[in-house]
Amino acid sequence: MLLQAGNVVRGSSPSATAAATKSISLLLTENHQLIGGPPSLMDKLTIRERNIVLKQGRRKVLSRGQTLFSQGAKHDGIFLIESGRIRVFYSSPLGREITLAYWHAGNFVGGPEVFDSGIHQWSGVASSNCSVVQLPGKELRTLATEIPNLAIGLIEGLAFKGKCYSALAQMLGTRSITQRLAHLLLHLMDLYGVEDPDGVVIAAAFTHADLAHMVGATRQWVTISLKRMQQKRIVLTKRSQIVVCLPNVLEEMRGQASD
């Protein structure tokens, strides 16, 4: 479900694990073809082309929790993430949220429109301290006509996002909430896992509300489910982090559970 799946970092500290995975985006999908991650918008550009693109941008620095763009607000271009992590999410008319993805450095957010003005279809908020470069739609359109590799990067990035959001819809429509939570914990373990005497600690800060937004549940449901798992020694809570003790049981829950 949440990808990209990495490997358990054996003998490493939580900070070392976070540093090793800082460029990997979290995507709600079980499509293994998406494990490689989205293409970086700037990777195919020459140094000269990168300088031209960045010269047209407007750099913004955000603190954790600060909103980058809001659902329903006027849209203008895209935001290229230089550092940090941006959470993109949709809010229903009743206020329920579903996390679409966490995007890291090298990715861009603010689509699906990239050139024309319109309104944002979802919101983006900094889940860590971030630096981004806004590329306004008018300037971006001109740059895309002048720099073919930038145009290709935009197309590849949008295609990747389309696959991710399609996979999200498939996951929500075919997996129970319990299955999705088990799947999520396993992938977070793969990505942020550090060996611990009790199992594998997920060395990343995700609140119960964060987990709920990723699996399409309420915070209360996640809290109750984790307590039940802890009573069965499937997981433990240690220093506000989750330790996976019995990943084989989570594997069974992922494939067989029903709500």
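Reply: Please bear in mind that this is a predicted model. Helix α6 is followed by Gly-216, whose phi is positive, near 75 degrees.

Me: How many residues of α6 are buried?

Reply: Of the 8 residues of α6, 6 are buried, so the helix is largely enclosed by the rest of the structure. The buried residues are Asp-210, Leu-211, Ala-212, His-213, Met-214 and Val-215.

Me: How does one describe the packing of two helices?

Reply: Two packed helices are described by the angle between their axes and by the distance between those axes. Here, the axes of helix α5 (residues 177–192) and helix α6 (residues 208–215) come within 10 Å and cross at roughly 120 degrees. The crossing in which α5 passes α6 is right-handed.

Me: Which residues of α5 and α6 meet?

Reply: From α5, the residues are Ile-177, Arg-180, Leu-181, Leu-184 and Leu-188; from α6, they are Leu-211, Met-214 and Val-215. The residues of this contact between α5 and α6 divide into 7 nonpolar, no polar and 1 charged.

Me: Let us turn to a single side chain. Where does Arg-87 lie, and is Arg-87 buried or exposed?

Reply: Arg-87 lies in strand β7 (residues 85–91). Its relative accessibility is 9%, and because the limit for a buried residue is under 20%, Arg-87 counts as buried.

Me: With which side chains does Arg-87 make a polar contact?

Reply: The side chains of Arg-87 and Thr-99 are joined by a polar contact of 2.9 Å. The side chain of Arg-87 also makes a polar contact with the side chain of His-213, at 3.1 Å. His-213 is one of the buried residues of α6. Leaving aside neighbours within four places in sequence, the residues in contact with Arg-87 include Glu-97, Tyr-102, Ser-123 and Val-125.

Me: Val-125 leads me to another residue. What does Gly-65 touch, and where does Gly-65 lie?

Reply: Not counting residues up to four places away in sequence, Gly-65 touches Val-125 and Ala-126. Gly-65 lies in the loop between β3 (58–62) and β4 (67–69). At 53% relative accessibility, Gly-65 counts as exposed. Gly-65 and Ser-128 are 63 residues apart in sequence, yet their C-alpha atoms are 7.2 Å apart in space.

Me: How should I read a sheet, beginning with the one that contains β3?

Reply: One reads the order of the strands and then the pairing. In this open sheet, 4 strands stand in the order β3-β12-β6-β9, and the pairing is antiparallel. The edges are β3 and β9 (108–109), each with a single partner strand, so one side of each is left without a neighbour in the sheet. Strand β6 (residues 78–83) and β9 run antiparallel and are joined by 2 bridges. Phe-79 stands opposite Val-109 in β9.

Me: What is the order of the open sheet that contains β13?

Reply: That sheet has 4 strands in the order β13-β14-β16-β15, with antiparallel pairing. Its edge strands, β13 (193–196) and β15 (235–238), each pair on one side only. Neighbouring strands of this sheet are turned by 35 degrees against each other on average, direction ignored. Helix α7 (residues 219–231) packs on the sheet, touching β15 and β16 (241–244), and the direction of α7 makes about 110 degrees with that of β15. As for pairing, 4 bridges join β13 to strand β14 (residues 199–202), and Glu-195 stands opposite Val-200 in β14.

Me: Which backbone values deserve a second look?

Reply: Most residues other than glycine have a negative phi, and most peptide bonds are trans. Arg-233 is not a glycine, but has a positive phi of about 60 degrees. Arg-233 lies in the loop between α7 and β15 and is partly exposed, with a relative accessible area of 46%. The peptide bond from Gly-111 to Pro-112 is cis, with omega near 10 degrees. Pro-112 lies in the loop between β9 and β10 (118–119).

Me: How many helices and strands does the protein chain have?

Reply: The protein chain has 8 helices and 16 strands. Of its 259 residues, 49% are buried.

Key:
Residues numbered from 1 in each chain as written. Predicted model: local features only at pLDDT ≥ 70, side-chain atom pairs only at ≥ 80, totals over all residues. Heavy atoms only, no water. Buried < 20%, exposed > 50% of the residue type's maximum accessible area, 1.4 Å probe, protein only. Polar contact = N/O pair within 3.5 Å; in protein donor to acceptor, adjacent residues only side chain to side chain. Contact = heavy atoms within 4.5 Å. Axes fitted to C-alpha atoms, helices over the stretch in contact; angles between N-to-C directions. Left-handed = near helix turned anticlockwise from the far one by under 90°. Nonpolar A, V, L, I, M, F, W, Y, C, P; charged D, E, K, R; others polar. Pairing = 2+ DSSP bridges.
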